[in-house]
Amino acid sequence: MKKIVVEGLKYRYPLTAELALNDVSFEIEKGEFIGIIGRNLAGKSTLCQALMGLVPHFYKGAYGGSVTVDGLNVAQTEICELARKVGLVFQNPFTQVSGSKMTVYEELAFGLENLGVPRAEMMPRIESAMALLGIERFGKRNPFDLSGGQMQRMAIASVIAMAPDIIVLDEPTSQLDPQGSEEVFQAIQALSRQGMTVIMVEHKMEKIARYSDRVMLLDHGRLVDFDTPERVFSRDDLAQYGIAAPIFARICQGLGIRTPQTGLYPMTLDDAYDQVVNWHE
Amino acid sequence: MKALSLYQDNGTLIHRVDPISKLLYIAAAIFIPVVLTGFTAGLAMLGLSLMLLVLARVLRKVVPLIGFSMLVLISVVIIQGLFYAGNRQVMFALGGVHFYREGLLFSAAICVRVLNILCAFALLVLTTRPSDLIESLVRQGLSPHFGYVLSSVLQIIPQMTGTMETITDAQRSRGMETEGSLMVRLRAFLPLIGPVVMNSLVSTRERSLALEVRAFSSRAQKTFLNEERVSTSNRVIKIVLLAAMAAAVAWRVVS
Amino acid sequence: MKNSMWSLKLSTSALVLIPAAVGINYIGKLFAGLLKLPLWLDAIGTVLAAMLAGPVVGAICGAINNVIYGLTMDPISFIYGLTSIGIGLSVGVLAHRGRITGIGSAVVVGLIAAVVSTVISTPINIGFWGGQTGNVWGDLVFAWMAAHHFPVWMSSTVDEFIVDVPDKIATVIVAYGIFKGLPQKMTILFRHDSQTEQL
Ligand SMILES: Nc1ncnc2c1ncn2[C@@H]1O[C@H](COP(=O)(O)OP(=O)(O)OP(=O)(O)O)[C@@H](O)[C@H]1O
Ligand SMILES: [Mg+2]
């Protein structure tokens with residue numbers, strides 16, 4: 001089932017001359033885990049916001065083509081309607097706090113109150129989202145007293161509590177240490193396995209290679225490639241797009257080791273290990 | 001971080017009265033003396049408010065709340081006592097200046113009126129958590145958007161004062177003068193507030209985006225995480241207050 | 001243009017602007033006190049909001065500002081909310097008619113705001129305090145005029161006006177300075193006439 005269909009999407013922010021998104025088309029199936037990569041200012045955040053209707057409804061500007069989410073044409077659907085289907089976690093965790101709630105627990109309830117979720121249903125949802133992100137301990141804390149990493153977890157949990165079908169995460173682990181990033185990726189993967197469609201912008205290529213089903217490469221507002229991590233990271237023109245392949249792929253590339261079946265470089269530590277062992281035999 | 005609030009969490013009986021009843025009490029405290037005119041009604045309401053403040057164990061906290069008004073009231077007594085247009089009869093003389101009976105009575109009426117209103121408000125402000133007040137108002141039909149704005153102000157002010165302290169220290173250590181002649185101090189004003197102001201305005205965009213994705217503009221009937229407290233005693237309080245106001249009107253009409 | 005200026009349907013951006021503006025009012029007042037300036041400077045945020053988003057948002061900022069002051073500092077503020085509403089409305093209308101183009105016109109707008117403020121505050125001052133404002137300088141003039149048998153309404157108006165004029169002029173100038181320094185990318189969010197263009 002096609003969850004998201006984007007056709008010829010073009011977008012320009014107000015007061016700017018260049019297109020932030022230029023003729024982007026792709027389709028995403030229900031339950032897929034999609035990684036989005038690209039250098040700074042490639043248009044990743046803009047694309048994320050286009051899936052939620054913030055582009056164009058919030059910013060206005062100039063818009064062309066179409067984005068269809070779960071059968072809804074985004075350009076004709078209000079953001080609050082889309083918020084029932086799509087959850088968006090922004091890049092900067094510090095500005096994602098509602099700013100009207102005194103505790104983390106209440107902060108998670110904010111979206112649910114707005115959606116009109118009954119009180120009895122609210123609490124189990126909030127508690128399971130907090131447990132998933134490992135922030136149960138902070139329930140009574142003031143959101144502004146959290147560290148960057150904790151705030152980032154809270155931002156993700158706030159969106160997960162709203163139980164969207166599709167979750168879009170824009171660099172969700174920027175404030176987390178390696179251990180914390182890994183935990184968050186595991187949590188998101190768990191949701192993905194339950195059937196949630198995941199779209200994630202991330203600069204940590206090793207993680208993208210390991211967790212995504214497909215990877216989308218953006219550059220200058222254009223869609224350069226949209227394929228399996230092996231194929232995308234085996235491209236020999238990655239440097240041109242400001243991307244460095246995952247470290248294991250680069251090592252194997254240096255050694256000339258390919259997975260025999262596909263002719264592509266191994267992406268993860270385990271794959272690389274297998275191929276290196278084979279190569280030595 | 002603490003939200004801006006004068007709330008004193010003493011957990012007395014008064015604290016458990018619902019915010020709407022307290023608002024109604026303020027209305028009665030203002031309305032009844034206006035209807036009945038004269039000193040007695042005002043003094044009686046003031047006495048009642050003071051008694052309730054004692055019951056709520058917040059009487060001492062009233063002082064800072066009414067401090068500024070007290071200063072103004074003192075100056076009102078002096079100025080009216082000396083210069084009130086209707087002044088005829090000298091009441092007493094102090095160091096060669098005459099205080100008049102009419103002016104002092106006029107200012108006494110002002111004092112009773114102002115103190116009465118202040119104490120009625122103090123009862124609400126000192127014994128109600130602002131978030132509870134806002135939530136009650138939203139349940140009573142205040143737009144949730146305004147509810148959001150009110151709670152957000154209560155959080156934003158302590159945050160901004162926090163940022164401001166950092167900036168003041170930074171500017172001082174860079175050698176900006178914050179003391180001296182009026183010109184020097186005036187010139188210090190903009191560089192001091194500029195950064196905080198810019199910062200808070202620029203972050204409004206990201207804050208709006210964050211609210212949008214949390215379905216802030218949704219027209220669905222809003223629900224509440226906290227349970228609504230309904231009790232018969234609160235209903236009785238409201239009925240009594242409304243009855244008192246009606247009685248005052250009736251009294252005025254009859255007599 | 002006229003219709004959109006008075007639109008009562010507030011965008012999320014406009015709603016989020018209100019707490020920021022009230023915070024700015026607070027910071028202004030605090031710094032004016034800290035620097036011992038003889039001005040209040042407690043309406044900079046209201047004036048900025050009015051310039052950015054028009055009279056309706058300006059008026060709401062004024063009202064909410066005084067509600068919050070009333071709840072957290074001085075209950076008497078509630079009543080003076082009317083004055084704040086007047087300031088927000090008048091500056092918002094003038095700004096959206098394009099009347100604030102430089103420092104010179106900012107002074108004029110400040111003067112108009114002072115007149116509006118005086119007209120609304122004076123009856124409150126008379127009804128509440130017998131005519132005084134609570135500002136030392138203004139009240140000294142009030143006492144002098146009362147001693148010389150001027151009518152109360154006149155002494156009270158003068159008391160309020162001489163305090164308001166420098167204060168509101170300074171407020172509008174500061175707000176205008178900040179407004180000019182804001183990135184267009186941000187100010188455009190509050191315009192009532194933006195539309196999505198088709199590509
Ligand atoms: N609010 C805005 N107004 C105008 N232009 C914008 C705005 N936000 C982004 N842009 C422009 O749109 C283009 C794409 O930016 P976008 O933020 O989508 O990139 P990104 O891939 O997310 O970058 P990063 O990795 O730095 O987060 C850039 O040229 C940027 O300058
Ligand atoms: Mg980005």
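Helices and strands here are DSSP runs, a helix having at least four residues and a strand at least two, and they are numbered from the N terminus. The model described is a predicted one.

**Chain B: overall layout**

Read from the N terminus, the elements of chain B follow the order α-α-α-α-β-β-α-α-α-α-α. That comes to 9 helices and 2 strands. The radius of gyration of chain B is 24 Å, whereas the globule rule gives 18 Å for 255 residues, so chain B is more spread out than a compact globule. Along the principal axes, the C-alpha atoms of chain B fill a box of roughly 65 × 60 × 30 Å.

An unreviewed UniProt entry lists residues 23-55, 62-84, 104-126 and 236-254 of chain B under "transmembrane region". Two of these spans can be compared with the model. Residues 104-126 of chain B are 100% helix and 0% strand, with the end C-alpha atoms 31 Å apart. Residues 236-254 of chain B are likewise 100% helix and 0% strand, and there the end C-alpha atoms are 26 Å apart.

**Two helix pairs**

Two packed helices are described by the angle between their axes and the distance between the axes. One pair joins chains B and C, and the other lies within chain A.

| Helix pair | Axis distance | Crossing angle |
|---|---|---|
| α8(B), residues 182-213, and α3(C), residues 44-53 | within 13 Å | roughly 50° |
| α4(A), residues 104-115, and α6(A), residues 148-161 | 8 Å | about 40° |

On the chain B side, F189(B), I193(B), V197(B) and L201(B) of α8(B) take part, and they meet I44(C), L48(C) and L52(C) of α3(C). The residues of this contact divide into 7 nonpolar, no polar and no charged.

Within chain A, helices α4(A) and α6(A) pack at an angle of about 40°. That places α4(A) oblique to α6(A), and this crossing is right-handed too. From α4(A), the residues V104(A), E107(A), L108(A) and L112(A) meet M154(A), A157(A), S158(A) and A161(A) of α6(A). The contact of α4(A) with α6(A) is made up of 6 nonpolar residues, 1 polar and 1 charged.

**Chain A: annotated span and backbone details**

The UniProt annotation "domain: ABC transporter", from an unreviewed entry, covers residues 4-245 of chain A. In the model this span is 35% helix and 24% strand, and its end C-alpha atoms lie 27 Å apart.

Where in chain A does a peptide bond take the cis form? The bond from V55(A) to P56(A) is cis, with omega near 5°. P56(A) itself sits in helix α2(A), which runs over residues 54-57.

Two leucines of chain A also have backbone angles to note. L15(A), although not a glycine, has a positive phi of about 65°; its place is the loop between β1 (2-12) and β2 (21-29) of chain A. L41(A) is not a glycine either and has a positive phi of about 65°. This residue, L41(A), lies in the loop between β3 (33-37) and α1 (44-51) of chain A.

How values were computed: Residues are numbered from 1 along each chain as its sequence is written. Chains are lettered from A and ligands numbered from 1 in the order in which they are written. This is a predicted model: local features need pLDDT of at least 70, side-chain atom pairs count only at pLDDT 80 or more; totals for chains, interfaces and linings use all residues. Side-chain values use heavy atoms; hydrogens and water are left out. UniProt positions are given in the numbering used here, feature names are shortened, and annotations may be inferred rather than shown by experiment. Axes are lines fitted to C-alpha atoms, for helices over the stretch in contact, and angles run from 0 to 180 degrees between N-to-C directions. Contact means heavy atoms within 4.5 Å. Ala, Val, Leu, Ile, Met, Phe, Trp, Tyr, Cys and Pro count as nonpolar, Asp, Glu, Lys and Arg as charged, and the others, Gly among them, as polar. The radius of gyration is taken over C-alpha atoms; the globule rule is 2.2 Å times the number of residues to the power 0.38. Angles under 35 degrees count as roughly parallel, over 145 as roughly antiparallel, 65 to 115 as roughly perpendicular and the rest as oblique. A crossing is left-handed if the near helix is turned anticlockwise from the far one by less than a right angle, and right-handed if clockwise.
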